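Work through the exercises below with the sequence and the model open. Each task is followed by a solution in steps.

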Amino acid sequence: MNREEKNIGSIILFIVIVLAIGFGGYYLISNKTSSQNKSNDYKSGTEIKKIKIDDSKNYVYFTNEYMLDNHEDLVYKDIIININSTDAKNLQEKLNKEMASIKVNSIPDDEKIEMIEYNVVETSKYLSLTVNKYFFEDNEATNSSLDYYVFDLSSGNILANRDIMKNENVTDQEIRSKIRSYINNDADVDIDATLSKEYKLSISKTGKIIINTVVKTSELDYNVSIEMD
């Protein structure tokens, strides 16, 4: 092999080495950047969580519906909370256990029938679930007990009052002021006793805060739901 052929071979080998180094470095840098981005997204909480368990279903739906004999408006049913969170799973189990207990102890022809009914309100940010436990007696509901649950649809968690107030920039003082103005003109209402009661917040269809509380009167206490401005 003469000197010219050796030079050409050396040049080709040099080009191959340079290309190998270049492509190798690009590959390492790209993968490192991609890995860092994924890590940063995870740390900053920007990783998107799948909130619905089944995307083809509503956030809340019902199964095993059973209509009571001689009471067409009364239906026993199991609730499915289609939200991917521990809060949703635990609440679903709790409510369905209560419904199962009612089914076992119910007598269709009994004069006093225990019931659980649900009301669901969905907005872009929240899912509000109202659970109404009552007795059906003499063709009307009595001894009604209401529970309110508000799910954050970005996390799937149930929100406490303080969380809702923080998200919506509302204070406890503003809420109690709204309650006072609502009951102020009723002479039968014990204002101080009413304001000392705990309230529970939920969300309306228009996205406004609903104050759910018990009004204390000299005769009969009653539940109210007051919408904030």
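**Conventions**

This is a predicted model, in which local features need pLDDT of at least 70, side-chain atom pairs count only at pLDDT 80 or more, and totals for chains, interfaces and linings use all residues. Residues are numbered from 1 along each chain as its sequence is written, and side-chain values use heavy atoms, with hydrogens and water left out.

**Exercise 1. Find where confidence is lowest and where it is highest in the protein.**

Step 1. Take pLDDT, the predictor's confidence in each residue, from 0 to 100. The protein averages 84, and 76% of the residues score at least 70.

Step 2. Go through the helices (H or I, at least four residues) and strands (E, at least two), which are DSSP runs numbered from the N terminus. Confidence is lowest in helix 1 (residues 3-44), with a mean of 51, and highest in strand 6 (residues 200-203), at 98.

Step 3. Look at residues 37-47, where pLDDT stays under 50. For this stretch the model has three contacts beyond four places in sequence, a contact being heavy atoms within 4.5 Å.

**Exercise 2. Check the length of helix 2 and determine which of its residues are buried.**

Step 1. The expected span is 1.5 Å times one less than the number of residues. Helix 2 (residues 86-105) has 20 residues and should therefore span 28 Å; its end C-alpha atoms are 29 Å apart, which agrees.

Step 2. Apply the accessibility classes: buried is under 20% relative accessible area, exposed over 50%, and partly exposed in between (1.4 Å probe, protein chains only). The buried residues of helix 2 are Ala 88, Leu 91, Leu 95, Asn 96, Met 99 and Ile 102.

Step 3. Viewed down the axis of helix 2, these buried residues fall within an arc of 125°, so they line one face of the helix. The arc is taken from the directions from the helix axis to the C-beta atoms.

Step 4. On the other side of helix 2, the exposed residues are Thr 86, Lys 89, Lys 97, Val 104 and Asn 105.

**Exercise 3. Describe the sheet that helix 2 lies across.**

Step 1. Two strands pair if DSSP finds at least two bridges between them. Three strands form an open, antiparallel sheet in the order 3-4-5.

Step 2. Strand 3 (112-122) and strand 5 (140-152) are the edges, each pairing on one side only. Neighbouring strands are turned by 15° against each other on average, direction ignored.

Step 3. Strand 4 (residues 126-137) pairs with strand 5 over eleven bridges. In strand 5, Tyr 148 is the bridge partner of Thr 130, and Ala 141 stands opposite Phe 136.

Step 4. Helix 2 lies across strand 3, strand 4 and strand 5, and runs at about 155° to strand 3. Axes are lines fitted to C-alpha atoms, for helices over the stretch in contact, and angles run from 0 to 180 degrees between N-to-C directions.

**Exercise 4. Examine the hairpins and the positive phi values.**

Step 1. Strand 4 and strand 5 form a hairpin with two residues between them, and Asp 138 in its turn has a positive phi of about 55°.

Step 2. Strand 7 (residues 209-215) and strand 8 (residues 222-227) run antiparallel and are joined by six bridges.

Step 3. Most residues other than glycine have a negative phi. Asn 64 has a positive phi near 55° and lies in strand 1 (residues 60-68); because its relative accessibility is 52%, Asn 64 counts as exposed.

Step 4. Asn 143, found in strand 5, has a positive phi near 50°. Asn 143 also counts as exposed, at 54% relative accessibility.
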